[in-house]
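Try each task before reading its solution.

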Amino acid sequence: MYFNQKRLSSCLIKLRYNHLITSLQVAHLGEAYDDWVHRPIVSKTGPRFFANDYAELMTCTKWWMIPLIWLPVVYWYISLAIQRGLPLPLLALAIVSGVYAWSFVEYIFHRYVFHMKTTSYWGNTIHYFVHGFHHKHPMDSLRLVYPSALTALICIPMWSFIKLLATPAAAPALFGGGLLGYVMYDLTHYYLHHGQACESSKKLNKYHMNHHFRDQTMGFGVTSTFWDHVFRTFPRPKGSS
């Protein structure tokens, strides 16, 4: 027990003066991890994840890779639905339903998975890799959109699940719509952090920055605030009780 407390104290001292830390140090923070990870550092780059250059490269993704890789996949699935004889009105409905369903998945994952409380060695480590890093270094542009390899792995069970719910003709359109929603999410997320906010996006930008820099327990939507209003997690105005 004394050794663990001493090691934790040592880590906290290092974290106070050196923000470029390793995942091993994060793992040993225990109960202090949640408070530490939600104290953001505004810098263009963050610390490395891996010493191996190839492994490190796999954790970094340029924003333009998302539409380059996934929009052709969206097109292929929608084309598959057309080939299977899905009428155009039902095709449009399935695509819109897929986009709408993604917005709900986006909210649920962000609120209950990405913001779960962790104190264990592996819990802290996994959370830091999945989402904690983004809250600690919110302006790191290379770890803002999701690596395509990870997205591909998630797509496999999602596609299998949708095939169980929909007809053979409608399933590709529904999945294509969901994947389109994901592309919109990642590009919107990147824009909110690194784009020049225009008049129409200022409210959404303020809403998302509030989540990062004021209250991480509110504002879990990214492409839309709809589900935050439904589940009463829309950020409260300053000064309200």
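**Exercise 1.** Classify the lining residues of the second largest pocket: how many are nonpolar, polar and charged?

Solution. Work on the predicted model.
- Step 1: count the lining, which has 14 residues.
- Step 2: sort them by class, giving seven nonpolar, two polar and five charged.
- Step 3: look to the centre, where K206, Y207, N210, R214 and P235 lie nearest.

**Exercise 2.** Describe the largest pocket: what is its volume, and which residues are closest to its centre?

Solution. 
- Step 1: the volume is about 1200 Å³.
- Step 2: 45 residues line this pocket, and F114, Y146, L150, T151 and I154 are the closest to its centre.
- Step 3: assign the lining to elements. Two or more residues each come from α6 (88–113), α7 (121–136), α8 (148–165), α9 (170–194) and α10 (202–213).
- Step 4: find the largest share. Helix α8 gives it, with nine residues.
- Step 5: sort the lining by class. The tally is 33 nonpolar, 10 polar and two charged residues.

**Exercise 3.** Decide on the cysteines: is C155 buried or exposed, and how many disulfides does the structure hold?

Solution. 
- Step 1: take the cut-off for buried, under 20% relative accessible area.
- Step 2: apply it to C155. Its relative accessibility is 13%, so C155 counts as buried.
- Step 3: turn to C60. Its relative accessible area is 22%, so C60 is partly exposed.
- Step 4: The structure holds zero.

Terms used: Residues numbered from 1 in each chain as written. Predicted model: local features only at pLDDT ≥ 70, side-chain atom pairs only at ≥ 80, totals over all residues. Heavy atoms only, no water. 1 Å grid on protein atoms, 1.4 Å probe; cavity = no way out; pocket = protein on both sides within 12 Å on 5 of 7 lines; lining within 4 Å. Points joined across faces, edges and corners; volume = space filled by probe spheres on them. Helix = DSSP H or I, 4+ residues; strand = E, 2+ residues; numbered from the N terminus. Nonpolar A, V, L, I, M, F, W, Y, C, P; charged D, E, K, R; others polar. Disulfide = S-S within 2.5 Å. Buried < 20%, exposed > 50% of the residue type's maximum accessible area, 1.4 Å probe, protein only.
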